[in-house]
Structure formats: structure tokens, C-alpha cells
Amino acid sequence: MKYVLAVLVENKPGVLVRVAGLFARRSFNIESLAVGKTADPSLSRMTIEVEADKQTLEQVIKQLNKLINVLKISNLTLEPSVNRELVMIKVKASTTSRAEIQQVVETFRGKIVDVALNSLIIEVTGNEEKLEAIQLLLAHYGILEVVRTGKIALLRGSKTTKNGEDKKNGKDVL
């Protein structure tokens, strides 16, 4: 099963290497990884997607908790959350196929972000299924390159305060 973990860490050099190294040393494969600063510039948030069984996941979380720079870990997998990825696709585009490609892009609420003589670069944001679907449709025209971000996720609603605590009951929700 795929699990999505939100990991709050200190924003210091080497933290990403230590987290990734932990996964590598234990032969755990990271399916997706996205890292960025939070509203507090001294903190970063990692969204890590890992495929594992429940026992392996528990081991990963225990090992992450041992790292000094890791402050909080939340498993967002079974929580109501919003998950997104960004994909940019460079596709062959002749003058005769551009209108068709543009129609596909509009259907998926994407954007054409670059136009060249023989190609277009398309940007689409959404869940994994949406991105797979548009990639499948654009394959018909000839995909030249694909680049994809890691998954990012947030809990639904307004449960969190600046420091990640639920205002009602003090529950750590990250």
C-alpha cells in the first residue's frame, strides 16, 4: 500500500540527505518526495510517499523519529486530505495538431506554457489519476519529455494553527 507522510523538519543543510539516507540504508523506496519551507522559515515540510506494508511503515516512522532534525511526523494516508502533483509534458505539435492538443489541455484544466515550432510544453496540476490520464491522451501526439513533481498533501479543513496544533483539543495534526 502507498502511504503519504508529512514530516516537519528543521530547515538546515543536510536534513534531506539524512532522511533520504535513512530510507536507502533500510532499503525502503521513496515513491515521491517534495520538500519546501513552511510559513516559518526555520522549518521545512517533507511530503514523502512510500510503498510499504504496515509493519515496514511503522519501522520507517520509528527510524524517522530518531533523527534529531525531525520534529513531527503525520500519516496523511487515511486522513481527509488534498493531494496534488504537477506535471510538465513536452509534446510534438504540428500546425494541424495544435488545436486538438489545446482542446485536450483545456479539458484537463491545464495550461500551455511554451510554444515552439514543433512542440508545446503543457502544465497540469492534479491527482495521480488525472496526470496519468492526460499523459495517456497526449502520447498519441508524441511525448518528447515529461517531468513531474513529488506529491504534496494537506489535511482538509482549518484544523491547524501556525505551530501545527488543533485549536480545539491540542491534538498534533501537522
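**Surface charges, a helix and salt bridges**

Arg 25, Arg 26, Lys 62 and Lys 66 form a positive surface patch. A patch here takes residues with over 30% relative accessible area and no salt bridge, joining like charges within 9 Å and nonpolar side chains (Val, Leu, Ile, Met, Phe, Trp, Tyr) within 5 Å. Before going on: this is a predicted model, in which local features need pLDDT of at least 70 and side-chain atom pairs count only at pLDDT 80 or more, while totals for chains, interfaces and linings use all residues. Residues are numbered from 1 along each chain as its sequence is written, and side-chain values use heavy atoms, with hydrogens and water left out.

Lys 62 counts as exposed because its relative accessibility is 53%; exposed means over 50%, buried under 20%, and partly exposed in between, with a 1.4 Å probe and protein chains only.

There is also a nonpolar surface patch of Leu 16, Leu 33 and Val 35, with about 220 Å² of accessible area together; areas come from the Shrake-Rupley method with a 1.4 Å probe. Leu 33 belongs to strand 2, residues 30-37, and is partly exposed at 32%.

Next, helix 3, residues 98-107. Which residues of helix 3 are buried? They are Arg 98, Ile 101, Val 104 and Val 105. They lie on the same side of helix 3, because they cover an arc of only 125° around the axis, taken from the directions from the helix axis to the C-beta atoms. On the other side, Ala 99, Gln 103, Glu 106 and Thr 107 are exposed.

Now the salt bridges. The whole structure has six, where a salt bridge is a side-chain nitrogen of Lys or Arg within 4 Å of a carboxyl oxygen of Asp or Glu. One of them joins Lys 2 and Glu 128, at 3.6 Å from N to O. Lys 2 is in strand 1 and Glu 128 in helix 4, so this pair ties together parts 126 residues apart in sequence.

Another joins Arg 148 and Glu 85, with the closest N and O atoms 3.1 Å apart. Arg 148 is in strand 8 and Glu 85 in strand 5, 63 residues apart. Glu 85 counts as buried at 8%, whereas Arg 148 is partly exposed at 29%. Both belong to a salt-bridge network that also includes Glu 132.

Technical notes: Lys and Arg count as positive and Asp and Glu as negative; His and the chain ends are not counted. The place of a charge is taken as NZ of Lys, CZ of Arg, CG of Asp or CD of Glu. Helices (H or I, at least four residues) and strands (E, at least two) are DSSP runs, numbered from the N terminus.
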